[in-house]
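Biologist: I would like to learn how to read helix packing and sheets. Can we work through one example?

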Amino acid sequence: MEVGQMQRRLIEYTKSLFMEGILDDQFLQLQQLQDESNPDFVVEVVSLFFQDAEKLLNDITRALDLQSVDFPKVDAHVHQLKGSSASVGAQRVKNGCIAFRNFCEEQNVDGSLRCLQQIKQEYYHVKNKLEALFRLEQQIVAAGGSVPMMELSF
Amino acid sequence: MLLPTALIPCWYSMISRVERQVNLNSHDFHSKLQYEIENTAKFLHPINSSATNLAGVLELSLNGTKLSFSMIETKVAPPLFQAWSTIPYLSQISYTGLEGLFFSYYTGQNQTLAVYSNSSYNSRSSAPNVKKNFNCYIQHVNHETGELYGNSIECPPLNLVNKRWFQEALNSTNGYASLETGWNNSQDLILLSSARINGEGVISLGFSAKVLTARFTSIDRQGGSLYLATKDGKVLIEELKNTHMVLAGNMVSVQLKKPNGEQKVLGNVSCIIKDGSPRASTLNIQGTEYMFYCSSLDMVGVQSVYVLAFPQKGLVSLVRKNRIVALALLIVIITSMVVSILSFAFIFVRAAKREMHLCAALIKQMEATQQAERKSMNKSLAFASASHDVRASLAGLTGLIEMCYEEANPGSELETNLRQMDTCAKDLLGLLNSILDTSKIEAGKMQLEEEEFDLAQLLEDVVDLYHPIGIKKGVDVVLDPYDGSAIKFSQVKGDRGKLKQILCNLLSNAVKFTCEGHVTVRTWVRKPSLQNSIIASNRNGLMKYLQCLFRKSNEAYNDLEAMNATQQDPNAMEFVFEVDDTGKGIPKEKQISVFENYVQVKETALGQEGTGLGLGIVQSLVRLMHGDISIMDKEMGEKGTCFRFNVILGTCENVSCNNAKAEDLEMVDGSHTPELTLSTPSPGLWLRTPSSKLTVHTTPSPKVTTSHVVLLIQNNERRRTSQRFMENLRIKVSVAKQWEHLPSTLQKIKHKENHSCHNSSGKSDLSSPSGYLSRSASNNSSGVDKDVPLSSMDGSDYILSVFKRTTPKFASSFILIVIDASAGPFLELCRIVAEFKKGLHNATCKVVWLEKPMMRNINFKHIEEDLVDPNDVVISKPFHGSRLYQVVRLLPEFGGTLQGNSSKLKEEIKFQAEKVPKDPSSSRSQTYIENSSTNKHSTQQVELQDHGSSIEETKRKSMSPIQTLSHVGSKPRSPPSNGIPPKEQEIQEIGNSNDEKPLSGKKLLVADDNVLLRKLAVASLLKLGATAETCVNGQEALDLVCKGLSDQRKLGASKMLPYDYVLMDCEMPMMNGYEATKQIRKMEKSYGVHIPIIALTAHTSGGEANVAIEAGMDVHLGKPLKKEHLLEAIRYIDAK
């Protein structure tokens, strides 16, 4: 594939992510922070997010499986997840967390489980998308091109 | 139960004992009676021997001689008489010889008689026929001597010799006793005791049975009956009625005599004595039980038997009967007692059971209620937080639309669509805001945010906001200064935002529902009093006091306490606001429901949008501010609605009075008025007119001519309020309702002026602003004495205390003409004014033109030079609030510099109108500075941007989810008193933010437990040119800061900060951000430095921000960290 075509595809793909509301402008901020001094900043941060989120999701799942659910603990986990997702701009996960916290306040186990399922889904969704995005970027770099910067048109 | 069962045997044994005792007693009594009877018999026993003794005596005296009658008379009769006289109970005494000789004394007819027979018969030889001749005589006896006297009466002879007792007595040696009939006429029974003398005769002593038995019957037998009979069956006493006793051997058979003569044997009584006492036997005679005792008795020698019969109905039977009855009664009582106890217990148990049941039900209900409340609360909370997020995204949407709108081609369809989208989004935002407010109030999360603000400024802002909308509809929105009290207590402390919200809500309603006329807003202040402030919960006074008495620690009481506290605060004043419109009005019956949520009055709401939440929120907010809102009744015939609400606000120190008392004092005695710096409604920053420093006191001398104001204003309400305001300031006011009336009004004034002011100098003292300032300063020090003692306490006091009069140094009168430029054709108006000025000789005149904002219809260029005075002032409508005050200050009494129409001084009057918003829905503001220059005869308009407003605007958009920052940041930035225009500073900062590395050289500490966020923050900071250190929790942060501080000290640069800023996550393990901040603040005190700490939270609510600020953090930022926010925060910190 030609580099230019790939670059266009990348831009289209990124745009679609924004259009679908999977990412928000925080991701752009991340991209802006990336420069020559740390060229893999976005990837690093996002993979940190993946680690963090997976750990938190496991914790939440385990906590919700217990007979008596410790809601303050779950709430704290969700709060952290919300912070992490907001930091990388994973908007849908963040929104899911907001809803989840309401259920935590109500101490609603069913709602929490439902929400958790939804968050997990969103998380895997955004993970797939981002991984695809990074693959594309790597392909561009491998092909000798440069990763085009998204405009702040959002 | 135990007691009765124990009592019954006890009682029974007692009764038995009593019965036994009674039995014993009766037995004793019976035996005693028997004993007595026997005793009596014994007592009579000696009588028995008297006959034998007498016989012995006679035998001796006769000595065996044969007795003849004469011998008897001489020898026997005297002893007999002696014996007769001496022996008691004796009723007859006799001597009977075998031969038939007989001599006897006896008692008959209460006399002692003697019976004798003097002829003896030869017992052996005589034939029975001889006996027939045997004679017997009765003769009276002298009962003292025994001598016989009187005639002897012959009587049938008594044949005694053949009688059995005579034979028996003759044969026995010891005498013989028997029961015989006496020989007197009455045939009484006598007991005859006889003894023989020498075998030839028998002495017999007769005792009357009656007398003897009387001895027995006289014994008190206590109801007992006695039966006495001799052994041979002769009955002596028979007391028992209808019975007959038959003696048979040792048995006595009791027989019942029936009326028909039959006899029935009832039973036998044995008379055998056993164990020394007679045996008792019981018989029933005619329904009565009798006890029978039988015993033998020796009765004066006669063997006899007596029977004692006692009826059983005596004490014993009574006791026996009573025992049974009592027992029965006792059993009945005990039974009834037991029954009652059981039934009582049953009832008690049932009641207890029911109570338990009710209790359980109550508890269940209460739990259910609590659960429901909790659910509702949770729902409200969730709702509040959810809608908060919705609002954030909506704000983003509007921002985006705006951005697109700017880029779109003007006039294109896209632009139109975008505009419509913008409107829709804004409507949606407004709606959401009201829902959010409601849910917030419901969740009880609404809190007052106290801050100092300028109330007059706020009022004017709000009114100005709605003025253009009103004007579009043809409705004038008027701010009525009323009595000026609101201007005086203008600097207040309270929740500015909420007050503004209330006013906006009411005003928008008023404007919305008013099609013609005007909307008036008026405010006044009064002392807070218990009566005036309507307590939110409509509790009556008694209850309130009761609650105070009982000190119940419920919420209502706390509320009350809080309210009382508010009222006791000496600085707290009650502000009353009125929003009065001439719209459709609200029907009386709907007035109550108007304040309920989701209620709209249907008749008036036709064609009007809205959720009906507005007034409900307004009411909740007003109550939150310790006030109440109500709809005031209007006069008949007046249109529209008048909402009135009151709130308690704290007044600030720069108001002269601290409490109500001091205020009174000041009002009455004005000489103690401290210097009153008028805080102009517009911040001093923009006010460059010298009049803003107006502090001059003056005495209005009657000699000095006062100024005159002519008002030509179209709107009635505005004209009225302006006129009243000025009149309260003791300014002469003339009004013209239409421009056609203006010439005549002016004519009148001119006429008056030209007459009254002949000797005035006509020249004005033209003082420069600086000169004025110095003058005012000098006046300030000395002018205190000249203060008017304000004796009257009318509404104008407030205004007068705000606008201090000054003594003008000129004598000529001043005429101010205020003309609404749209009231008539402008050229025509100019001409009229010019005409008026020409004719004026010794008065100065100034014209103020009122014109619509944004509509520059006054085109001075087209007007001839002589028509328009260069000193004329043009101000934009609306003519109220600060603009009204500015106009008033043009008057010389109130410090206005005078420019006579003759003066050619080229002085600029900068007149500045307040911020006039273009559109009430956006808070973008603009400032106009009007420049009336003298030589160009034109009024230029210079428009200045508010300090970087467009930049501000974009910034606000991007930070809209985080209100706290803009809120915190804006507070201290309000009027910088140093007078440096903040423009440069602002621009420089903006320049900084545009720079790539605005933070270069700065060193920051990032404390966050999340790797991701930490990395992000560090990257952001590096990008901004700063260096960053990281740590993972509060403890580490504290240690790092501590180390840094001590290192700095070692280096001798203790005032240098180890970190320029600290970015602190709030929620961290080990030690959270709040705690770490507190520790750092504590520690840095000893070093005398202050390290700025920026809080980072993912919470977007205001509560977290408050906690952060309380913990000592400087700024609160929401996650994720954004460059702009950080820079804004740092700017804010630096500005501090």
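Modeller: Start with the crossing of H1(B) and H4(B), which is right-handed: the near helix is turned clockwise from the far one by less than a right angle. Helices (H or I, at least four residues) and strands (E, at least two) are DSSP runs, numbered from the N terminus. This is a predicted model, where local features need pLDDT of at least 70, side-chain atom pairs count only at pLDDT 80 or more, and totals for chains, interfaces and linings use all residues. Residues are numbered from 1 along each chain as its sequence is written, chains are lettered from A and ligands numbered from 1 in the order in which they are written, and side-chain values use heavy atoms, without hydrogens and water.

Biologist: At what angle do H1 and H4 of chain B pack?

Modeller: Two packed helices are described by the angle between their axes and the distance between the axes. Here H1(B) (residues 2–62) and H4(B) (residues 209–217) pack at about 150°, with axes 9 Å apart. Axes are lines fitted to C-alpha atoms, for helices over the stretch in contact, and angles run from 0 to 180 degrees between N-to-C directions. So H1(B) is roughly antiparallel to H4(B), a label for angles over 145 degrees.

Biologist: Which residues of H4(B) make the contact?

Modeller: Leu212(B), Arg215(B) and Phe216(B). Among their partners on H1(B) are Ile37(B) and Phe43(B). Contact means heavy atoms within 4.5 Å.

Biologist: And the sheet: what is the strand order?

Modeller: Strands of a sheet pair through backbone hydrogen bonds, either parallel or antiparallel. This open sheet of chain B runs E11-E12-E13, with antiparallel pairing. Strands pair if DSSP finds at least two bridges between them. Seven bridges join E12(B) to E13(B). Lys257(B) has Gln263(B) as its bridge partner.

Conventions. Parallel < 35°, antiparallel > 145°, perpendicular 65-115°, else oblique.
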